Amino acid sequence: MWGSYDPQRVRRGAVHVGELEGKGRPQGQMLAIGFDPDRSTFPPASGAPPDTCAAKLELYGRYLVVEDNGGCGGLNVSFTGTYARVKSLRPLGGL
């Protein structure tokens, strides 16, 4: 989500939300969406349409490392980052 930490932006409804969607077959600890890792490197060739979503997801223990090509989600939305699996979530700013 983009803009969700700005209360004024949330009130105006100016938060951008995106989703990753695609098919892929895990290869070890890696999952490719929108490109074939056996035929190309990431990101996919520059000839691909700019709005085509491609992402590489790699699992390292409890961490998921994601890299996308900027064509996933919506305006200003990116999934590139490191995510951690946790047992429970506490509210932001909580004790």
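The side chain of Asn69 lies 3.0 Å from the backbone nitrogen of Gly71, a polar contact in the sense of a pair of N or O atoms within 3.5 Å, where within protein one must be able to donate a hydrogen and the other to accept it, and residues adjacent in sequence count only if both atoms are side-chain atoms. The model is predicted, with local features requiring pLDDT of at least 70 and side-chain atom pairs pLDDT 80 or more, while totals for chains, interfaces and linings use all residues. Residues are numbered from 1 along each chain as its sequence is written, and side-chain values use heavy atoms, without hydrogens and water.

Asn69 is located in the loop between β3 and β4; strands are DSSP runs of E with at least two residues, numbered from the N terminus. With a relative accessibility of 31%, Asn69 is partly exposed, a class between buried (under 20% relative accessible area) and exposed (over 50%), computed with a 1.4 Å probe on protein chains only.

One disulfide is found in a search of the whole structure: Cys53 pairs with Cys72, with 2.0 Å between the sulfur atoms. Cys53 belongs to the loop between β1 (30–33) and β2 (55–60), and Cys72 to the loop between β3 (63–68) and β4 (81–84), so the pair ties together parts 19 residues apart in sequence. Because the torsion about the S-S bond of Cys53 and Cys72 is about 90°, the disulfide is right-handed. Cys53 is buried at 17% relative accessible area, and Cys72 is buried at 1% relative accessibility.

Notes. A disulfide is a pair of cysteine sulfur atoms within 2.5 Å. Helices (H or I, at least four residues) and strands (E, at least two) are DSSP runs, numbered from the N terminus.
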